[in-house]
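Here are some notes for your read-through. They go point by point, with the coordinates open alongside.

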Amino acid sequence: MKRLMIERLMTFVMSSCLMLISFLAHANWPEWLGDDLQPTASSHWKAEVTEDSVLYSAKQALPRVLVIVSRKATSYDVALKTLLSEYSRELPQAQWVVRKLPSTQVELTTLLKQAESKVNLIYTLGSKATVEVRNVYAGGKLPVISVNAKDPVQLGLIEHYSGSGDNFAFTSLNLPADVVLNFMQRFKPTLKSIGILYANTNRSAYLTQFLPLKRVAEQAGIKIVPIAVDETMADLKLDAAMSRGIQQLQADDPQLAHSVLWLTGSSSLLSRVDEINQYSKKLALISAVPDVVNQTEHSALMSFGVSFVNNAHQAAIYGLQVIKGEIDVGQLPVGVISPPDIAISFQQAKRINQQVPFVLMEMASDVYGVNGTVIRLDGKPVKER
């Protein structure tokens with residue numbers, strides 16, 4: 001009996017509260033607008049009323065996207081701008097929250113758990129953020145998609161390129177090592193040695209770019225010279241590491257006529273192309289990242305890889321498919337751009353007196369002339385664009 005009385009009292013209190021809320025809303029409603037236009041409790045809309053206006057907005061702005069980024073980097077800026085641009089066309093009502101990667105697993109776990117009631121999709125921006133989130137959130141409630149990150153299989157995050165089978169989908173900045181070597185040999189058929197430039201602290205570049213190319217190149221009888229850079233150590237600073245690496249290449253190729261220098265996707269080195277060119281002794285600089293080939297004097301000679309823009313475009317397509325319910329996130333295969341993005345600077349080719357095979361120019365999506373003029377962008381001549 002007592003329990004029944006308490007339940008009736010609670011029902012009366014709740015009903016009274018709702019009536020009071022309704023009364024207050026009605027009291028504030030402008031006389032010049034019909035009462036039927038007031039949003040109800042079950043309505044999609046909420047209304048903000050002033051003396052001379054009523055603002056209708058969604059009670060809950062959906063979908064909401066969380067982006068987790070580990071640090072400031074130009075490549076991350078490019079990727080995020082591309083994501084925002086793609087969504088502005090396809091899903092303009094989406095809201096975005098960008099958060100710095102927490103410094104501890106406990107803080108990261110807390111962030112992800114809180115996100116489960118607030119967002120619909122997570123993007124991990126960069127290899128570090130992708131690895132950290134994967135380690136603590138595999139099998140979680142929210143779908144997670146990587147962008148601007150390296151090969152997830154070679155990083156040990158998943159076993160197969162066909163998909164994760166759980167709440168993660170991955171895109172990759174990497175080309176298969178045999179494809180990279182094939183393009184290098186197209187560029188220089190007499191290739192005998194490759195200097196591989198990478199940041200000593202960039203674990204992902206070492207695992208997914210240096211080691212795979214080293215393996216396939218040595219199987220083909222091509223010498224690999226590692227050039228590890230670490231500005232915190234005197235003997236691994238860029239100038240010292242480059243000088244030592246060039247000497248090793250010249251031991252078997254004095255004129256460097258049968259050698260190339262390959263710059264991995266180490267973010268800390270991608271912004272130092274001008275310095276690398278100074279130390280390279282006119283050695284052909286090929287980058288794994290097309291974005292460092294441009295119309296300036298501080299450009300790499302050539303690149304075949306995956307651009308930050310195209311990688312982010314792939315990640316945007318994946319995210320839109322997941323948010324719209326068109327596919328389960330775990331069924332999405334690792335997103336790899338094919339054919340690769342090829343960029344060529346003939347200004348750099350002229351600087352080092354290097355011939356560029358015509359077949360590579362035909363395949364290139366971005367081409368810059370001997371004076372830095374833009375000849376082709378995104379696969380189209382500038383006049384057509």
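1. Which residue forms a salt bridge with Glu231? The partner is Arg272, and the closest N and O atoms are 2.9 Å apart. Bear in mind throughout that this is a predicted model. The pair links distant parts of the chain, 41 residues apart. Glu231 sits in the loop between β9 and α7. Arg272 sits in the loop between α8 (267–270) and α9.

2. Glu231 is partly exposed, at a relative accessible area of 34%. Arg272 is buried, at 17%.

3. How many salt bridges does the structure hold? The count is nine. In general, side chains of opposite charge can pair when their charged atoms come close. Two further examples follow.

4. Asp252 and Lys223 meet through their side chains in a salt bridge, 2.7 Å from N to O. This pair, too, links distant parts of the chain: Asp252 belongs to helix α7 and Lys223 to strand β9, 29 residues apart. Asp252 is exposed, with a relative accessible area of 54%. Lys223 counts as partly exposed at 30%.

5. Arg89 and Glu86 make a local pair. Their closest N and O atoms lie 2.8 Å apart, in a salt bridge. Both are in helix α2 (residues 74–90), three residues apart, so about one helical turn separates them. Arg89 is exposed, with a relative accessible area of 52%. Glu86 counts as buried, at 13% relative accessibility.

6. Helix α7 (residues 238–252) passes a simple length check. At 1.5 Å a residue, its 15 residues should span 21 Å. The end C-alpha atoms are 22 Å apart, which agrees.

7. Which residues of α7 are buried? They are Leu238, Ala241, Met242, Gly245, Ile246 and Leu249. Seen down the axis of α7, the buried residues fall within an arc of 125°, so they line one face of the helix. The face turned away from that side carries the exposed residues Gln247 and Ala251. The cover over the buried residues of α7 includes β8 (193–199), β9 (223–229), β10 (259–263) and α9 (273–279).

8. Just after α4, Gly139 takes a positive phi of about 85°.

9. Two backbone angles deserve a look. Most residues other than glycine have a negative phi. Leu256 is not a glycine, yet its phi is positive, at about 55°. Leu256 lies in the loop between α7 and β10 and counts as buried, at 10% relative accessibility. Lys281 also has a positive phi, near 55°, and is a residue other than glycine. Its place is in the loop between α9 and β11 (285–287). Lys281 is exposed, with a relative accessible area of 54%.

10. What kind of patch do Leu37, Trp45 and Tyr56 form on the surface? The patch is nonpolar, and the three residues together have about 300 Å² of accessible area. Trp45 lies in strand β1 (residues 45–49). Trp45 is partly exposed, with a relative accessible area of 42%.

11. Ser162 and Val334 are 172 residues apart in sequence, but their C-alpha atoms are 6.5 Å apart in space. Ser162 is found in the loop between β6 (144–147) and β7 (168–169). Leaving aside neighbours within four places in sequence, Ser162 is in contact with Gln331, Leu332 and Pro333.

Technical notes: Residues numbered from 1 in each chain as written. Predicted model: local features only at pLDDT ≥ 70, side-chain atom pairs only at ≥ 80, totals over all residues. Heavy atoms only, no water. Helix = DSSP H or I, 4+ residues; strand = E, 2+ residues; numbered from the N terminus. Expected span 1.5 Å × (residues − 1). Buried < 20%, exposed > 50% of the residue type's maximum accessible area, 1.4 Å probe, protein only. Arc of directions from axis to C-beta. Contact = heavy atoms within 4.5 Å. Patch = residues over 30% accessible without salt bridge, like charges linked within 9 Å, V, L, I, M, F, W, Y side chains within 5 Å. Areas by Shrake-Rupley, 256 points an atom, 1.4 Å probe, with all protein chains shown as cover. Salt bridge = Lys/Arg side-chain N within 4 Å of Asp/Glu carboxyl O.
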